[in-house]
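Let us go through the labels on this model one at a time.

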Amino acid sequence: MQKVLRAVFYFSGLIILSLGIILNTKSAFGVTPIISIAYCLSLLHGCVTATLLIGLLSAGHPVGVGVGTIAAMIGVGRFIWIYNRLFQAKQQQLTGVAY
């Protein structure tokens, strides 16, 4: 039961994180300073590559990429895809920002 509850909290967190990323980046105002370096690296090289680079630069060896990173990458990516399919046209209409 405890593992099920932990999984529910984990995936709920991924959904909330995804929604924050979507609203932050699709506003076209830029990203917050705390994620700006990771965001720029992910635009250039992809999410996992950005995580590996940050780990290499900070610890000197690859750290920070495990099962949770891969699950988060897949989960966040799928939620962003669902959001775009359902709401992107309406968001573009309301904000005037097109991608």
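Helices (H or I, at least four residues) and strands (E, at least two) are DSSP runs, numbered from the N terminus. By that rule, the protein has four helices and zero strands. This is a predicted model, where local features need pLDDT of at least 70, side-chain atom pairs count only at pLDDT 80 or more, and totals for chains, interfaces and linings use all residues. Residues are numbered from 1 along each chain as its sequence is written, and side-chain values use heavy atoms, with hydrogens and water left out.

Q: What is the confidence in the protein, and where is it lowest and highest?
A: The protein averages 77, and 89% of the residues score at least 70. Helix α2 (residues 36–45) is lowest, at a mean of 68. Helix α1 (residues 2–26) is highest, at 82.

Q: Why is the pair Y83 and F87 called tilted?
A: Rings of Phe, Tyr and Trp (its six-membered ring) pair if their centres lie within 6.5 Å; planes under 30 degrees apart count as stacked, over 60 as edge-to-face and the rest as tilted. The centres of Y83 and F87 are 5.3 Å apart and their planes are at 50°, so the pair is tilted. Both residues lie in helix α4, four residues apart, about one turn of the helix.

Q: What kind of aromatic pair do Y10 and F11 form?
A: Their pair is edge-to-face, with 5.3 Å centre to centre and 85° between the planes. The structure holds two aromatic pairs.

Q: Why does Y83 count as buried?
A: Buried means under 20% relative accessible area, exposed over 50%, partly exposed in between (1.4 Å probe, protein chains only). Y83 is at 11% relative accessibility, so Y83 counts as buried.

Q: Why does F87 count as partly exposed?
A: F87 has 44% relative accessibility, so the label is partly exposed. Y10 gets that label at 33%. F11 gets it at 46%.

Q: Which residues form the nonpolar patch on the surface?
A: L52, V65, I70, M73 and I74 form it. Like charges are joined within 9 Å, nonpolar side chains (Val, Leu, Ile, Met, Phe, Trp, Tyr) within 5 Å. V65 is at 32% relative accessibility, so V65 counts as partly exposed. Helix α4 (residues 67–95) gives the most to the patch, with three residues.

Technical notes
pLDDT is the predictor's confidence in each residue, from 0 to 100. Patches are made of residues with over 30% relative accessible area and no salt bridge: like charges are joined within 9 Å, nonpolar side chains (Val, Leu, Ile, Met, Phe, Trp, Tyr) within 5 Å. Accessible areas come from the Shrake-Rupley method with a 1.4 Å probe; for residues, only the protein chains shown count as cover. A salt bridge is a side-chain nitrogen of Lys or Arg within 4 Å of a carboxyl oxygen of Asp or Glu.
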